[in-house]
Amino acid sequence: MSFIFESKLIEFSKQKRNFSSLNESLNKFKNESKTSKTKVFLSHKHGETEALNGTITLLKQEGISIYVDWMDEGMPKFTCGLTAKRIKEKIKENDKFIILATEGAINSKWCNWELGLGDAAKYIDNIAILPVVKDQQSYNGSEYLEIYPFIEYEDGLNKRINGNYISKGYYVKYPAINNSHFIIELSEWLRR
């Protein structure tokens, strides 16, 4: 699995940004029509706003509906068992599950619990890891993530089995079978 650098997500967000805050962006998007939009549960570590902002900008350009728990008006005011029950319902209710897999998220009990629920409800075609690290870093000890499809940026330099170059852009790459990955454009995966 390769990583996406957080700085790339931040740069992407700045280029595409036409709102003043993450809350404004999500509220604006929440009020748009949800008719026939794919709904994505976005698991993430609270407080990692720059990586989250970049991820939401990336996903929003695909015209999907994004669920993040702290924007949910139905959530209890304080974390409790009802919080967990509500998250469990929302993971089942949304079409796709994506985890913003930063080092903080990988070390979070809540994110790992959500990944387990996402696994049970969405494996393998409707779940993906978005592995994000700070520049020049990586994280170890989370080999279990290798069993999931992951989102990766292709720079146009890699080839398909047929010898054709893979166009630049974001893709969902499935775990390798016989040393070969099945890849699909992120936009197509989100519409399946």
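**View 1. Helix H1 and its two faces.** Start with the outward side: Lys 14 and Gln 15 are exposed residues on the face of H1 turned away from its buried side. Here buried means under 20% relative accessible area, exposed over 50%, and partly exposed in between (1.4 Å probe, protein chains only). The buried residues of this helix are Glu 6, Leu 9, Ile 10, Phe 12 and Ser 13. They sit on the same side of H1 because they cover an arc of only 160° around the axis (the arc is taken from the directions from the helix axis to the C-beta atoms). Their packing partners are strand E1 (4-5), H3 and E5. Helices (H or I, at least four residues) and strands (E, at least two) are DSSP runs, numbered from the N terminus.

A word on the model: it is predicted, so local features need pLDDT of at least 70 and side-chain atom pairs count only at pLDDT 80 or more, while totals for chains, interfaces and linings use all residues. Residues are numbered from 1 along each chain as its sequence is written, and side-chain values use heavy atoms, with hydrogens and water left out.

**View 2. The largest nonpolar core.** This core has 27 residues, and Leu 42, Leu 59, Ile 98, Ile 151, Leu 186, Trp 189 and Leu 190 touch the most other members. A nonpolar core is a set of buried Ala, Val, Leu, Ile, Met, Phe, Trp, Tyr and Cys residues joined through side-chain atoms within 4.5 Å. Elements that each supply at least two residues include helix H1 (6-16), helix H3 (49-60), strand E4 (96-101) and helix H7 (186-191). H3 gives the largest share, five residues. Apart from this core lies another, of 20 residues, among them Tyr 67, Ile 129, Tyr 148 and Phe 150.

**View 3. Around Trp 189.** Skipping neighbours within four places in sequence, Trp 189 is in contact with residues including Phe 97, Ile 98, Asn 126, Val 172 and Tyr 174. Contact means heavy atoms within 4.5 Å.

**View 4. Glu 152 in strand E6.** Glu 152 is found in E6 (residues 150-154). Its relative accessible area is 10%, so Glu 152 counts as buried. The Glu 152 side chain makes a polar contact with the side chain of Lys 173 (2.7 Å). A polar contact is a pair of N or O atoms within 3.5 Å; within protein, one must be able to donate a hydrogen and the other to accept it, and residues adjacent in sequence count only if both atoms are side-chain atoms. Beyond its neighbours within four places in sequence, Glu 152 is also in contact with Ser 2, Ile 4 and Tyr 171, among others.
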